[in-house]
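Reader: Please show me the structure, and then let us go through some questions about it.

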Amino acid sequence: MVGAALLAALLGSYAAPAKAAEWVGDFETGDFSQWAPPGSTWVHALPGRATVVPEVVTQGAHAARFEVRPGDKVNPNWSGELAQVMTLTNEAAGQEWWWAWATFFPPDFPVTYGWCVFTEWHQTGLPGVVQGPAPINFDCKEDQFRLIVRGGDEPNWSQQTFYFPGFQRGIWHQFVFHVRWSPDLDGFVELWHNGNLVVPKTHLPTSYRNQGLYPKIGYYRKDGVNTQTGVVYHDDVRRSLTYEGLYQQTVSAPVLEPLVSPAPPIEPEVRFVRSPRLVAYRRLAVAARAIPGSRVVLVVRAKGRIIGARRTWADSSGRVQRRVRIWGWRGERRVTVTLGTHRASEHRRVRTAVRL
């Protein structure tokens, strides 16, 4: 079920442009420079194990590829085998952020034992204090998604584990993570996976006292128990103060102005190709045209109530062909379907009435 907060954010993004994402690490530079400045040691991987590639992407032209082989010990003082990249975004107690990213496990990704961390927020540490594990771990141990949240005072921290379904090989997994950093109970986490609310807003400690945090992505697993090579891809990592801002135009992906005045733009076509229709129980098939490459939101209403929604993308030719799950349908025979699309500062909406 999609949460009310996310639905409000999805719909509100079409009312007025929001502030742009504060940070984007989508690898469209063709390297790790968005994450790790030249000369830094923030790529934690053996040579050739962490690369930026064009072959497997969910947006743009590049994604990050992380490969881990048995025995890949980057530092003898660190536990586990890993290939990761980190950056510093100055996370601190009292801050509230929205994060989004995409992760892909190839069809031959092995079952991982011990732990299987693919995204984490690590603590900065304190001198003389024994460090515990990272406050936030996104884990895929034994093909099971887990969000592990820790916080409070090291070394006596609290921990809570949230299991959520949907692990699958061969597809892109879209995550939206809403967090308030705090070592106390005024912290919270909230998580959507592929548009579904899988961890409702839960208040708990999310950081260690007097310590900051920084994000790391890649593939990190227990050593000595995993005998196969594994590869994980990541793409389109973003941070914003609001959900709406996650996909606004950002300074890290500028639109270059032409040197000469361009011809008047052609108004993009946004329309339904055919009337949406029920094709399965509580599944509405939608075929539409939108701005090529734009982010699209499909919303279903009955008597003014939102009873279904889906966020997706138009392909490079502008086609949108998706199914929208209707979770709040009470047998109404007439509904309204709204197609909202935007790219940078361009926002458009169309509606159609449907008889079920």
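Reader: Which residue is the bridge partner of Val85 in β14?

Author: This is a predicted model, in which local features need pLDDT of at least 70, side-chain atom pairs count only at pLDDT 80 or more, and totals for chains, interfaces and linings use all residues. Residues are numbered from 1 along each chain as its sequence is written, and side-chain values use heavy atoms, with hydrogens and water left out. Strands here are DSSP runs (E, at least two residues), numbered from the N terminus. Strand β5 (residues 81-86) runs antiparallel to strand β14 (residues 213-221), joined by six bridges, and the partner of Val85 is Ile217.

Reader: Which strands stand at the edges of the sheet?

Author: Two strands pair if DSSP finds at least two bridges between them. The open sheet has seven strands, in the order β2-β5-β14-β7-β8-β9-β10, with antiparallel pairing. One side of each edge strand has no neighbour in the sheet, because each has a single partner strand; these are β2 (43-44) and β10 (156-164).

Reader: What is the handedness of the disulfide of Cys116 and Cys140?

Author: A disulfide is a pair of cysteine sulfur atoms within 2.5 Å; here Cys116 and Cys140 are joined, S to S 1.8 Å. Cys116 lies in strand β7 (residues 116-123), and Cys140 is in the loop between β8 (136-139) and β9 (145-153), 24 residues apart. The torsion about their S-S bond is about -40°, so the disulfide is left-handed.

How values were computed
Helix = DSSP H or I, 4+ residues; strand = E, 2+ residues; numbered from the N terminus.
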